[in-house]
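I opened the model to look up a few local features and how the parts touch. My notes follow in the order in which I took them.

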Amino acid sequence: MCKGFYWQIWFPLEESFAQSYNFHSYHQTYNMMTDFPIVMKGIEFSPDEFEPLPNPRLSFPHLQVDERDFIMNINHVASFRVRDGNHVCIHPHENADSASIQLFLNGSILGAVLHQQRILPFHGCAFEYNGKGILICGHSGTGKSSITAAFCQNGGRFINDDITPVRIKGQGTNIIPIKTKIKLWDDTLLKLKIENENFEKIRPTINKFYLPARESSSAELHLYHLIILGKHNKDGFEGNKLNGMVKYNALRNQIYRKMYLKGMPETEKTYFKQLFKLASTVRVTQILRPDICDIYETMNCIKKEIDR
Amino acid sequence: MKNIVWLVSYPKSGNTWFRMFLSNYLKNTAEPVSLEEIESTPIASNAVDFEEVIGLNPFELTAEEVDFYRPNMYRILSQKVEMEGETSYKKTHDAYTLNAKDEPLFPEEITRGAVYFVRNPLDVCVSFANHSTKEIQNTFTLLLNEKASLAGNKSGQLRQMLMSWKSHVQSWREQTLIPIHMVRYEDMLQSPIATFGSVITFLGLEYDKARLEKAIINSDFKLLQQMEQKNGFNEKMQKCKNFFWKGTIGTYREYLSEEQVKRIVDYNYDAMKEFGYIDEQGMLTV
């Protein structure tokens, strides 16, 4: 158990998972408002560093993972502990800023919560386009957020940035909206002709900003098309519809923080079945874009694939 | 477990060429191995590897914060390599530096050794300008900049501290924790059997002259150029025409001004002399 102050905020839900509102809680000791995109039993702060987990399945100096317990230490920011998919405890490091704590809480730590809840999280941005649920996956730096923002300027409705949980039930596969905020670099704002009206920086030292969402979708939406975006050093675009085991493996590679699963074999087993279902129901296209190219050009290429 | 060998160089100093040689030597097939073979063993500063191993987006960390994690990234890589019972040969352009915790980026306890490829900085300047599709003046400035670094912006690779050409060489030569073998690019071209053979011996691999000769032929620079022409190479920058460009010695004479040559020589004089690019009389050897 964490020591120190504890705020327990309970939202009675049919399912212990995401709703269309965020989880806010204020922590007086640290004068910090945490904003978490999914509902939790509690987010608490601890003045003490966490004791290491006893014999975790996955153990690195900064990370320990078991099926229901997780500790991650982010230098000069905070140590985080996640238990049972419902409790997050934060030990802020000396002089850490709240923006950085918030950023990692809504990134790698959110990933741990989702894995513990066994809700398959993808490393991708989601939006609704012409009534269709679109998910763009890919490594960090491939341009997922920029292209999502471009779609949202052109009739798309924003759903999630960077992490998108997908619910697979029966034959249905739905994007779960968790209302993460879209994050864009300073030069991307310029390219998209978005005036930076004192947007909030994701961290004091990084020139990336939260884009205030004008309109976003709050209901679950059928996942129609999953795009895996990559880059290459050629001048043109390449699109490739995936099938069979290639499709399954490509989907597996898009799991957000897949490495945690080395400490969570039971969770990985449940994902195995979910991924097979997903692979049989969802269109998956791999698109390679030129390393240097226009955001709208990439958007148009993806549009063509969606409409195909 | 000491199972990682660092293949170290300033950019455009023969590192990739050597990786192709090594790949051919290890595979020992009659036909040359394809460029895809080394495309699957990315550079030590690969950002995707970082995120997959460490679990953090490196572009949401400062370069200094990323450096905190890099020693652990390589320790984790070493554990993986140990399970596979192999040795990993990792290309890097990083100078030998310590992170803010005073920890070397390349941990001694997992390192079997390092091979350092050194090339005449005058030729490096020209070849690097071609590779990065920048003006020669840019790479000229970089070679003389003690704070020079590569990548580490918003996508691509992690930040790599290069420093100036001479400091890069010195940083590796003066460290005492990792056994190092220095190789001159010019010797790889002019005395391939002796030079590549010396690396095979340093790496503790079985020395087989016939295999060595075959690997040298199968990684011939002209052959690599043809392979790139035919199938492309993913380590090439998008706007650069060829990764394997000229590969010759003394190309700088066609591109650098006398003033640029003088400035590079003056700044790097001692190191250039040490590696034979300047003779006892203080004259350029090439």
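**Entry 1: a strand in chain A.** I started with strand S13 (residues 172-175) of chain A, where A:Thr173 and A:Ile175 make up the covered face. The uncovered face of S13(A) holds A:Gly172 and A:Asn174. I recall that side chains in a regular strand alternate between the two faces of the sheet. I keep in mind that this is a predicted model.

Next I looked up the partners of S13(A). Strand S12 (residues 163-169) of chain A runs antiparallel to S13(A), and four bridges join the two. Across this pairing, A:Ile175 in S13(A) has A:Val166 opposite. S12(A) and S13(A) form a hairpin, with two residues between the strands. A:Gly170 sits in that turn and has a positive phi of about 55°.

I then checked strand S17 (residues 221-232) of chain A, which pairs with S13(A) in the antiparallel sense over two bridges. Here A:His222 in S17(A) stands opposite A:Asn174.

**Entry 2: positive phi in chain A.** Which residue other than glycine has a phi near 50°? I found A:Asn130 with that positive value. A:Asn130 lies in the loop between S9 and strand S10 (132-137) of chain A. A:Asn130 counts as exposed because it has 11 C-beta neighbours inside 10 Å, and the cut-off for exposed is 12 or fewer.

I also noted A:Arg118, which is not a glycine and yet has a positive phi of about 60°. A:Arg118 is in the loop between H1 and strand S9 (120-129) of chain A. I count A:Arg118 as partly exposed because 16 other C-beta atoms lie within 10 Å.

**Entry 3: domains of chain A.** The domain assignment divides chain A into domain 1 (23-116) and domain 2 (120-307). I get 24 Å between the C-alpha centres of domain 1 and domain 2 of chain A. Their contact takes 20 residues from domain 1 of chain A and 20 residues from domain 2 of chain A. On the domain 1 side, helix H1 (residues 98-116) of chain A supplies the largest share, 11 residues. By class, the domain 1 side has 10 nonpolar, six polar and four charged residues.

**Entry 4: chain A against chain B.** I looked up how many residues of each chain take part in the contact: 25 residues of chain B touch 27 residues of chain A. On the chain B side, helix H3 (47-54) and helix H4 (63-84) each supply at least two residues. I list the chain B side as nine nonpolar, nine polar and seven charged residues.

**Entry 5: a sheet in chain B.** Four strands of chain B form an open sheet, in the order S2-S1-S3-S6, and their pairing is parallel. The average twist from one strand to the next is 20°. S3(B) and S6(B) share five bridges in the parallel sense, and B:Phe117 has B:Val183 in S6(B) as its bridge partner.

I then looked at helices across this sheet. H1(B) lies across S1, S2 and S3 of chain B, at about 145° to S1(B). Helix H9 (residues 192-202) of chain B lies across S3 and S6 of chain B, at about 170° to S6(B).

**Entry 6: B:Arg19.** Is B:Arg19 buried or exposed? B:Arg19 is buried, because 20 other C-beta atoms lie within 10 Å, and the cut-off for buried is 20 or more. B:Arg19 belongs to helix H1 (residues 15-27) of chain B. Leaving out residues up to four places away in sequence, B:Arg19 touches B:Leu7, B:Ile38 and B:Lys91.

**Entry 7: a kinked helix in chain B.** Helix H13 (residues 258-274) of chain B has a kink of about 80°, centred on B:Asn268. B:Asn268 is also buried, as are B:Ile264, B:Ala271 and B:Met272 in H13(B). The buried residues of H13(B) pack against helix H5 (121-132), helix H6 (136-143) and helix H7 (165-174) of chain B. Just after H13(B), I noted a positive phi of about 85° at B:Gly276.

Technical notes
Residues numbered from 1 in each chain as written. Chains lettered and ligands numbered in written order. Predicted model: local features only at pLDDT ≥ 70, side-chain atom pairs only at ≥ 80, totals over all residues. Contact = placed C-beta atoms within 7 Å. Nonpolar A, V, L, I, M, F, W, Y, C, P; charged D, E, K, R; others polar. Bend = angle between axes of the 7 residues up to and from the residue. Domains from an automatic or database assignment. Pairing = 2+ DSSP bridges. Axes fitted to C-alpha atoms, helices over the stretch in contact; angles between N-to-C directions.
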